[in-house]
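Please examine the structure shown below.

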Amino acid sequence: MTGTNLATYVLREGAGVPVVLLHGFPLDHRMWVPVADLIPEGVRVVAVDLPGHGHSDLGQTPETMEAAADAVHATLRHHGEGNVVVVGLSMGGYVALALAERHPDLVHGLGLVDTKSTADTAEARAGRLDVARAVHDSQTLDAVMGMPAKLLGATSELERRALYPTVEAWVRSQHPSGVVWAQRAMAARGDRTHVLTEFDGPVAVVVGAEDRVTPVEDAKHMAAAARDVTLTVVPNAAHLSTVEEPGAVATAIFDLHGRATRR
C-alpha cells in the first residue's frame, strides 16, 4: 500500500486548520456524520476510512497502529493538508496517538474519544486474536455482529433503539480482511501514555459515562498524563458517544479546535 489511498470525506466545508476524524472498530467514517453536522460553521471537517475499512483498501498494510498512522499522514499530505486537529474514537484514538508520536509536525491538537492510551491486557489481546482467527477462517463477520450491543449503552437500549440497526448495518458492510487486520493491529499495540506526557498541544479527552469498553477511569488516566487538557464525561452515552450524544462531542471538538488555533 502506498499510504496515499485512504478514502477521505469532507463532512463540513470551512477554512483554516481542519479537524480530521478517525473512526472506531469495526466501523467507518459514517459514525462521525452526526458530530460533523453539529460542529459550528467555518471549521473544515474531514473524515478518513482507516485501512481495510469503509472504502479504503487494505493492500499490504502491516498489522500495526503505526502503519495506520503513517497511512493517514501520507494521505493527508497527499491532499495538501498541513497542521490538523486529529480526533479519534476507540481504534481511531489508538491511531491518533501513534500519529502524534510519529508525525508531531502534523498534529496541532489531539482529541481522544472513548479510547485509552494503555495497551491491552493479556486476556483482551487473546480475545482480539481469537476474533481475528474466527473471521479469517470463516470469511464472515459473524464474530463481530454482537458489537452494537457492546458499543451502545443502557440509555440507548431504552431510548434509542433505532441506533441498533444503523450500527449493525455499518458493521455488516465492513470487509473480513479489514476486521482481521484491525484486531491484530490493536492486539499488537503498546502503551502510549508517554505521548500525552510529551505532546505540547491541546488535548481533549471525551468519554461516555456509560462506556464499558474504555470506561471513565481510562479517560481520567489519559487526562492526568496530558499537559493542556480538558476532560468531558458525556451523560447518557457509552462507547459510541458520537451517535448517542453527538452534540456533546461536537462541543468538545469545537472547543479543542479553538484552543489549537489560538496557540
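R161 lies over the face of Y164, 4.2 Å from the ring centre. R189 takes up such a position over the face of Y94, at 3.8 Å from the ring centre. A charge counts as sitting over a ring if NZ of Lys or CZ of Arg is within 6 Å of the ring centre and within 35 degrees of the ring normal. The model is a predicted one, in which local features need pLDDT of at least 70 and side-chain atom pairs count only at pLDDT 80 or more, while totals for chains, interfaces and linings use all residues. Residues are numbered from 1 along each chain as its sequence is written, and side-chain values use heavy atoms, with hydrogens and water left out.

A cavity is a set of points on a 1 Å grid over the protein atoms alone where a 1.4 Å probe fits but cannot get out, and lining residues have an atom within 4 Å of a point. The volume of the largest cavity is about 40 Å³, taken as the space filled by probe spheres set on the points, which are joined across faces, edges and corners. Its lining divides into 2 nonpolar, 3 polar and 3 charged residues. Here Ala, Val, Leu, Ile, Met, Phe, Trp, Tyr, Cys and Pro count as nonpolar, Asp, Glu, Lys and Arg as charged, and the others, Gly among them, as polar.

The second largest cavity has a volume of about 30 Å³. Strand 5 (107-113), strand 6 (202-208) and helix 12 each give two or more residues to its lining; helices (H or I, at least four residues) and strands (E, at least two) are DSSP runs, numbered from the N terminus. By class, this lining has 8 nonpolar residues, 1 polar and no charged ones. Among the lining residues are A252, I253 and L256.

Those three residues also belong to the buried set of helix 12, where buried means under 20% relative accessible area with a 1.4 Å probe, protein chains only. Why should helix 12 (residues 246-262) span 24 Å? The expected span is 1.5 Å times one less than the number of residues, and helix 12 has 17 residues, so the value agrees with the 24 Å between its end C-alpha atoms.

Technical notes
Buried < 20%, exposed > 50% of the residue type's maximum accessible area, 1.4 Å probe, protein only. 1 Å grid on protein atoms, 1.4 Å probe; cavity = no way out; pocket = protein on both sides within 12 Å on 5 of 7 lines; lining within 4 Å.
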